[in-house]
Amino acid sequence: MAEQSPQAEIEALVERLNRYAYEYYVLDQPTISDQEYDHVYRKLEELERDYPEFRLEESPTQRVGDVISDSLPKVTHNVPMLSMSDVFSFDEVDQYVDGVAKRLGYMPQFVCELKIDGLSVSLKYDNGRLVQGATRGNGTIGEDITANVKTIASVPLKLQQPLTVEVRGEIYMPKEAFSDLNAKRERNGQPTFANPRNAAAGSVRQLDSRIARERHLDVFLYTGVFTEDQGIDTQQHMFEQFKAWGLRHDTHFEVCQDKAAIHDYIERMTALRHELPYDIDGIVIKVDDYKAREILGQTVKSPRWQLAYKFPAEMAETTVRDIEWTVGRTGVVTPTAVFDAVSLAGTTVKRATLHNADYIQMKDIRLGDTVTLYKAGDIIPEIDHVVVDERSEDSEPYTLPEKCPECGSDLVHLEDEVALRCINPSCPAQAKERLNHFVSREAMDISGVGPKVLEQLFDKDMIHDPSDLYQLTQDQLVSLDRVGERSAAKMLQAIAQSKDNSLEHLLFGLGIRHVGGKVAKDLAKHFETLDALIAASPDEVAAIDGVGEVMADAIQTHFANYAVIALIERLKAAGVNTTYTGAKAPVVSDSFWQDKTVVLTGKLDQYTRSEAKELIEARGGKVTGSVSKNTDILVAGEDAGSKMDKAEALGITIFNEQDLDDRLS
């Protein structure tokens, strides 16, 4: 057999890998092992690296993701994405079915489906290629999330047929991925997501689609906007076509001929729901026939041909035996209730987060109390309320701790927050969590140096703070459990590479209160060097769009700490970069807006806020979020509010929208 050209080999490998994905996600019949898939994938990566001119848009390697625009563009849905009416009892289901039969003049056939608890999405394909992914938004206008959608492995970049079609469904986060994400966020001292739906919604709106890719989202599709020549006439037929086109749908749907069959489906799926690898919050009941749907029509908000039956919350009672306190990276001390084991929503639970000290006092939770539990999003155990009638007569209010459970230092309750906090910078629990945060992917991205390695290094007194990472030796690393010569060498290489990171990675890694990845990048891009940021006044920092006074104060407080400055000096001495090395905005000259600091407030008619910001910045201006003495111009639309008052008090030039338009023109 003649040897293939690189282009032909790339095309063949892409076709193979996309076929494997179709077999895995759509047919649920994988034909190769994960190891074999990885081998073929790596071969494709090598060829594309050597011959980038032959890379295809539908290649699975193009799901990697990248940083996208600072704000998600808006998308108008040609056919509105309507919501559904909800019911909560079998009686209401029966009333709905009888109403449909009366309106049609006969009892139609229904299709019952699981109601996936995620984020509604629209996917558009042009000639078989994915061209747009969008959120539902308000039903008429959504957000463009194409870059993030492309990171979802079960969304085909190219259909099995060259169709131009819009399909709709639900992006969701599997239960396992949700648990892993929350565990990671907890380790990093970040707030956890309340449920998989919130996590999925937050993930698809990430401005860095690499983050969306890491969160292992998935999708089920269940409807679409079809043309007559596509010939879809029933829900069942649509699912058959989805399978042929390469689109994934949930296979738990059933055809139901009457109310009794619908009741039976709901009861069986209610019992099954906790065994599913994804979250559902009810059952969707749809009229199967599309012509019948046209007759039934829709209200302003929802179609009359479908209904959502929502599951009631499952509750259980147990007894609180203890409240344990753990210390996070930022010193926040978090309480967890320990109670008698109880079965809830399909699993046995023994613990539930109590969030903070105020939460305990608000619900008046005491040791020995009988409490009612539920699972938020069917995942996280929460205490709904205390059964006060069963409280013993000698019960006493719970006494909040005054000392850190790890280091014994005094705990403080700061005025602007509900959490108890240990402010001892030498607290060992905080030190470990800060190290975990420093090496994380969003921060310095030191691969291979995970929590288990860091804990050993800390416990063996080899490291105390992030600067010590840059002093580690091969001998020290190989002395750890389950670390060999090769692993140690890779760790040292990752540590060395992290020295060249752009400033925003170091800023995020320092764990400044309130400062996330996006703000860290905005700060780095604006000040360009860490020294410039440290020397900046709170007003200068607050003037940056998206920062504000609270965050500016937190930044100043952080850098006022001698221990922090000493750490930064040690990092500098180790060769860690403290300069922004990312892309800079182009310098524009001969413009009215050049070097002017502008604040936008109120509602604009001719521009969206993001459009006005983009136009001003393209002309050399800088748009910030807060009015200060450094502000040159306030652009005030309708309902301008307190920013207008502050600008007037400071004597700042105020533009209306016509002034803005004149100067932009």
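A network of salt bridges links Asp86, Lys115, Asp281 and Lys310, a salt bridge being a side-chain nitrogen of Lys or Arg within 4 Å of a carboxyl oxygen of Asp or Glu. The structure is a predicted model, in which local features need pLDDT of at least 70 and side-chain atom pairs count only at pLDDT 80 or more, whereas totals for chains, interfaces and linings use all residues. Residues are numbered from 1 along each chain as its sequence is written, and side-chain values use heavy atoms, with hydrogens and water left out.

Side chains of opposite charge can pair when their charged atoms come close. Across the whole structure, the search returns 30 salt bridges. One of these joins the side chains of Arg129 and Glu58, with an N to O distance of 2.3 Å. Arg129 belongs to strand S5 (residues 129–135), while Glu58 sits in the loop between helix H2 (34–50) and strand S1 (74–76), so the pair ties together parts that are 71 residues apart in sequence. Helices (H or I, at least four residues) and strands (E, at least two) are DSSP runs, numbered from the N terminus. Glu58 is buried, at 7% relative accessibility, whereas Arg129 is partly exposed, at 33%; buried denotes under 20% relative accessible area, exposed over 50%, and partly exposed the range in between (1.4 Å probe, protein chains only).

A further salt bridge is formed by the side chains of Arg268 and Glu254, at 2.7 Å from N to O. This pair links distant parts of the chain, 14 residues apart, with Arg268 in helix H9 (residues 259–272) and Glu254 in strand S9 (residues 254–256). Arg268 is partly exposed, with a relative accessible area of 32%, and Glu254 is likewise partly exposed, at 27%. In the salt bridge between Glu166 and Arg168, the N to O distance is 2.9 Å; both Glu166 and Arg168 are buried.

In soluble globular proteins, nonpolar side chains tend to be buried together. Apart from neighbours within four places in sequence, Leu523 is in contact (heavy atoms within 4.5 Å) with Leu507, Val515, Glu528, Leu533, Val541, Ile544, Val547 and Ile555.
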